[in-house]
Amino acid sequence: MPHFPAQIHSRLPHVGTTIFTVMSRLAQECGAINLSQGFPDFNAEDVLFERVAHWMKSGYNQYAPMAGVLPLREAIVAKVAALYGTAYDAETEVTVTAGATQALFTAIAACVHPGDEVIVFEPVYDSYGPAIELAGGKIVRMRLAAPDYRPDWAAVAAAITSRTRMIMINSPHNPTATVWSAADYDHLAGLVRGSGIIVVSDEVYEHIVFDGQRHLSCAGHAELAARSIVVSSFGKTYHITGWKVGYVVAPRELMAEFRKVHQFNVFTVNTPVQYALADYMADASRHLGLAAFYEGKRNVFRDALAASRFELLPSRGTYFQLARYGAISDEPDVDFCNRLTREVGVAAIPVSAFFADGRDERVIRFCFAKNEATLAAACERLIKV
């Protein structure tokens, strides 16, 4: 095999393969039940596949408009207005993206200049940091501490400088399964008031909030909506993570900058899938019923693990469950997850992977977006640990 004849100067010299890929590969090698990577092991409704086939067979197989097909953008506008009370313009304030990760990357690339500071809350989803670094930005990390993982707003205020360009937030939060309160959004609004700071709000789990809570979106907060790029995901909402379709809503001034980058790093997204999603969104129960659907799975999973030695932390949103394993082992979380996969046959994610310094609080993350038979089999093994 040929080798590149010169030294490669990596733009991301400290980045390796993501922990999600590593653990999923290990699960496959060991024949373990994969509760690590965040994707369902069940399908969407057949009607969604039928709508995709319909649009394919009807000849809608060429490039879609750069911002997304108009029926889907209009469906997004209607959904956001119904849920959060804000009327975005389908022509200038909505863009369909190739998944939420692309949306986040594009937002950063469009808005962050070399030397700008970007505040993130850690433990943090692993795509944020590399995107900021590639834009030449400086990552400023605000630590969320177990077991509550609440923002320390005094610390955030102290971290804001004249170089702060962006604050990235994520609620419901991956990996901690926490949900921000109205007071949190008011605190954030107060801190950015009168500034040029842009908020990027990662809301891919917006429809997965439990125990009677309501998801609060930056799109529904008048002050924050005026400065926020709000990101969501059809993959998370409709059990189609492999389709990689998401969207962004933002004020037209921010969206104009977003689209300048979007048109060159993606240009547009799968055409028949967009039309099918527009059809599917017409029945709002399909996203409004998601919270109850996943709350049932959460309860099944937690009830089954009540007899185990794991200490389950609160899961208020997302389809993740954090667990402390201190009563079982004092191993580092990476070692524990490796052993859990190889010897017990269940794969999980070490939460230290979400900290830049590998902070290890002996906490791991399970994904319960699985069939009940899968969850039952996993719990049967876990309660024996």
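Q: Before we go on, what is the model based on?
A: This is a predicted model, in which local features need pLDDT of at least 70 and side-chain atom pairs count only at pLDDT 80 or more, while totals for chains, interfaces and linings use all residues. Residues are numbered from 1 along each chain as its sequence is written, and side-chain values use heavy atoms, with hydrogens and water left out.

Q: Now the helix pairs. At what angle do H2 and H11 pack?
A: Helix H2 (residues 46-57) and helix H11 (residues 271-280) pack at about 135°, and their axes are 8 Å apart. H2 is therefore oblique to H11. Axes are lines fitted to C-alpha atoms, for helices over the stretch in contact, and angles run from 0 to 180 degrees between N-to-C directions. Angles under 35 degrees count as roughly parallel, over 145 as roughly antiparallel, 65 to 115 as roughly perpendicular and the rest as oblique.

Q: Which residues meet there?
A: From H2, Val47, Leu48, Arg51, Val52, Trp55 and Met56 meet Pro272, Val273, Tyr275, Ala276, Leu277, Asp279 and Tyr280 of H11; contact means heavy atoms within 4.5 Å. By class, the residues of this H2 and H11 contact are 11 nonpolar, no polar and 2 charged. Here Ala, Val, Leu, Ile, Met, Phe, Trp, Tyr, Cys and Pro count as nonpolar, Asp, Glu, Lys and Arg as charged, and the others, Gly among them, as polar.

Q: And H13 with H15: how do their axes cross?
A: The axes of helix H13 (residues 290-305) and helix H15 (residues 372-382) come within 9 Å and cross at roughly 20°, so H13 is roughly parallel to H15. Lys297, Val300, Phe301, Ala304 and Leu305 of H13 make the contact with Glu372, Leu375, Cys379 and Leu382 of H15.

Q: Changing topic: which peptide bonds are cis?
A: One joins Ala146 and Pro147, with omega about 5°; Pro147 is in the loop between strand E4 (138-143) and helix H6 (153-159). Another runs from Ser171 to Pro172, with omega near -10°. Most residues other than glycine have a negative phi, and most peptide bonds are trans.

Q: Where does Ala177 sit, given its positive phi?
A: Ala177, which is not a glycine, has a phi of about 65° and is in the loop between E5 and H7. Its relative accessible area is 0%, so Ala177 is buried.

Q: What about Thr318: what is its phi?
A: Thr318 has a positive phi of about 70°, although it is not a glycine. Thr318 lies in the loop between strand E9 (311-312) and strand E10 (320-324), and at 0% relative accessibility it counts as buried.

Note on methods. Helix = DSSP H or I, 4+ residues; strand = E, 2+ residues; numbered from the N terminus. Buried < 20%, exposed > 50% of the residue type's maximum accessible area, 1.4 Å probe, protein only.
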